[in-house]
Amino acid sequence: MNVRAACRMGGNVEYDVPIMKVQEYSLEDIFSKNLLLLIPFYIFSHEKEFKVYNSIEQRLEELQAEYQDILKRLDKQQQEGMIGAFDKHTIIELSGDVIKEIP
């Protein structure tokens, strides 16, 4: 995204601002690129399917398995010293907050 702003001294300043489209990142991308703070936002990618998850047991089980996988991977990252306990706790806490807010 290109941003243009007027300067107080007269003239314009132009600069590029990188934009991340979280929807374009898979869970594999998030872990392989170490973008772990995107995990709570990744949960929003399931929002449109929540009615399906609530009506089809198998789909709900798949979703639960994915969240268990996320937790295991975060545990592994912590055990390997790639993230600290605080980081892991924060990601899990924020993810829980997102889940509570989705109808």
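Predicted model: local features only at pLDDT ≥ 70, side-chain atom pairs only at ≥ 80, totals over all residues.
The protein chain holds 5 helices and 2 strands.

Some totals describe the chain as a whole. It has 103 residues, of which 26% count as buried. The accessible surface comes to about 7700 Å², and carbon and sulfur atoms supply 54% of that area. Turning to contacts between residues at least 6 apart in sequence, 40% of them join residues at least 24 apart.

The helix pair to examine is H4 and H5. Helix H4 covers residues 57-79 and helix H5 covers residues 85-101. Their axes come within 9 Å and cross at roughly 165°. Angles over 145 degrees count as roughly antiparallel, and H4 and H5 are therefore roughly antiparallel to each other. The crossing in which H4 passes H5 is right-handed.

Which residues make this contact? On the H4 side they are Tyr67, Leu71, Leu74, Asp75 and Gln78. On the H5 side they are Ala85, Lys88, Ile91, Ile92 and Ile99. Sorted by class, the contact of H4 with H5 has 7 nonpolar residues, 1 polar residue and 2 charged residues. Tyr counts as nonpolar in this sorting, so Tyr67 of H4 falls in that class together with Leu71 and Leu74.

Definitions and conventions
Residues numbered from 1 in each chain as written. Heavy atoms only, no water. Axes fitted to C-alpha atoms, helices over the stretch in contact; angles between N-to-C directions. Helix = DSSP H or I, 4+ residues; strand = E, 2+ residues; numbered from the N terminus. Parallel < 35°, antiparallel > 145°, perpendicular 65-115°, else oblique. Left-handed = near helix turned anticlockwise from the far one by under 90°. Contact = heavy atoms within 4.5 Å. Buried < 20%, exposed > 50% of the residue type's maximum accessible area, 1.4 Å probe, protein only. Areas by Shrake-Rupley, 256 points an atom, 1.4 Å probe, with all protein chains shown as cover.
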